[in-house]
Amino acid sequence: MRINNLEEYKLEKENFDKNPEEFWAKKANSFTWHKKWEEVLDWDFHKAHVKWFDGGKLNITENCLDRHLASSGDQIAIKWIANNPKEKNIDISYNELYEKVCQFSNVLKNKGIKKGDRICLYMPMVPELAIAVLACARIGAIHSVVFAGFSAKSLCDRINDAQCKALITSDGGFRGNKITPLKKIADEAMKNTPSIQCCIVLERTNTPIIMKNNRDFWWHEEMKKTSIHHHAEIMDSEDQLFILYTSGSTGRPKGIVHTTAGYMIYAQYSFENVFQYNHGDLYWCTADIGWITGHTYIIYGPLLAGATTVMFEGVPTYPDAGRFWEIVEKNKINIFYTAPTAIRSLEAYGNEYVKKYDLESLKVLGTVGEPINEDAWNWYFKEIGGEKCPIVDTWWQTETGGIMISNLAGINKAKPTFATLPLPGIKACIVDENGDELETNNTEGKLCVKYPWPSMARTIYGDHQRFIDTYFSSFPGKYFSGDGCYKNEEGLFRITGRVDDVLIVSGHNLGTAEIESAIDEHKNVCESAIVGYPHSIKGNGIFAYIICHSSPKDKKATGIEINDLITKHVGPIAKVDKFLYVEGLPKTRSGKIMRRILRKIASGEFNELGDTSTLLDPNVVTSIIKESQK
Ligand code: WT7
């Protein structure tokens, strides 16, 4: 499935345009099926109805594991790196992973879990999380991984929404110098989750916990009782594989549903091509399996491709800000995939943490999750990649299941702050307010996809109408991403941020990302976030929250310098009206700035901040309010 050069890349685009179904059927042919599909694609975007490879029978874990055993059973599947650098790392071969997954599949079966049951996983970044994910898929249970940083309330809501029958957790989890008492939080959640019949607990931190009779069972005790073989459940192509919750801006989280065959095909296809994975490469994605990036590009994509995937338990700054680079050096990582927020924060710690390590092994770098500003891109390219590694800026979403817009490493050109082009097989487009497609270059509008792709979400669990309303109603006949996008003179795509992050100032449409990127150019600025606040003349004024490397000596002068930079990069219309120098920004656990809160603070509405419990650090809000009242 690998595209190896620009000619093949162009040819693949032509092949897709000529016959999209044949294009995907060819990809599907390389997998293990129990029965071939009857129909490649059946779709109607008006009803948000999409089926890929209907009638086909398969199990995704046979494709991740069984089919690799004969040729590469001894190869490392998962290279696990502990939070504490003094703790021994663990290498798990494909043979061992197969056996562990089979064993845990049998554990689940013994507990009465059947095909179609929903299982909630609330675990730290340990190999057992990957094993549990794959075991669910092997027996046909639908996994719902909840990020181990979420509160008891969030966990409880997610378990109840999907009516999960079992919860898999651990006594605790290590992250930096902290221990999260996961079982204790799970106990709190399970006070209000009537659907849970059993809870399996992994021993990880030796944190004292309470085990409830007939409900709670130790992972290691259950594993001892089971065999290392398990016949995978034979699934339909469109059987649900997993649910993953993504926070809507308000109200209930959305349980995004992915199904089996299409997700599988796209996960491997996008993994191999975007990162230009070669057999033997060591690949590391630093995301958490609690997010879609971890699902598709730590577990499924790499294992489907027969790669070695690195799984890291810890955080980028423990024991110090050189941890990532120490791991790269020690393990000779070839492909490295992380988030702009991590890049910016490590840049802020200074280059001495990078210089200590030999990063020669790196071949490809990737980013995901938010727009990357030019300064961070350049630092990543120069200081980490040594100016020799292509950077893939990968745009996608929980809902898209896999990378949609990105250059392929070293094949088509990269351009700082541009995700560049849709992958062959993806028909992305930009539309105006009326939903009319803007086909020429040098245009700006809203990012849509006008043709189905195999790994797209199929529904929101239990609420198909909400799925239709959220993604298929704004522009009938198209999937609407919620993002704004600019297409330059060459037709390259640059994601300008969520459309709800757009600011209208004096009738001008301003993307927050663009302005923040200009602010971040200032040598003393580490990170910034801007929001609009009511302004009598402009409609919206611009309020900037700024984190500096060192506290600015002359705030007024700094403000003028920053506005000069904005004028230079964006135009005078985007000048900041009010500056607030802060220590931190309110971020979700996936690293996104919660602008809703910043907007309220900017307009002085301190008492109407809404729910801040899903923030990485809710204390940030208190300190920002204090600063703003000075
Ligand atoms: C939103 C999706 C995809 C895995 C992680 C996030 C933003 C994502 C990029 C990028 C600019 C990006 C978009 C998108 N986003 N990647 N390369 N450039 N923006 O998944 O939590 O579902 O968030 O993240 O706004 O809509 P998610």
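Modeller: On a 1 Å grid over the protein atoms alone, a cavity is a set of points where a 1.4 Å probe fits but cannot get out, and lining residues have an atom within 4 Å of a point. This is a predicted model, where local features need pLDDT of at least 70 and side-chain atom pairs count only at pLDDT 80 or more, while totals for chains, interfaces and linings use all residues. Residues are numbered from 1 along each chain as its sequence is written, and side-chain values use heavy atoms, with hydrogens and water left out.

Colleague: How many cavities of 30 Å³ or more are there?
Modeller: The structure has 3 of them. A volume here is the space filled by probe spheres set on the points, which are joined across faces, edges and corners.

Colleague: Which residues line the second largest cavity?
Modeller: Asn59, Ile60, Ala137, Gly140, Ala141, Met235, Gln240, Leu241 and Thr260. The volume of that second largest cavity is about 50 Å³.

Colleague: Now the largest cavity. What is its volume?
Modeller: The largest cavity holds about 80 Å³ of space. Its lining includes Phe147, Arg175, Asp288 and Glu313, and by class it splits into 6 nonpolar, 2 polar and 3 charged residues.

Methods: On a 1 Å grid over the protein atoms alone, a cavity is a set of points where a 1.4 Å probe fits but cannot get out, and a pocket is an open set with protein on both sides within 12 Å along at least five of seven lines; lining residues have an atom within 4 Å of a point. Ala, Val, Leu, Ile, Met, Phe, Trp, Tyr, Cys and Pro count as nonpolar, Asp, Glu, Lys and Arg as charged, and the others, Gly among them, as polar.
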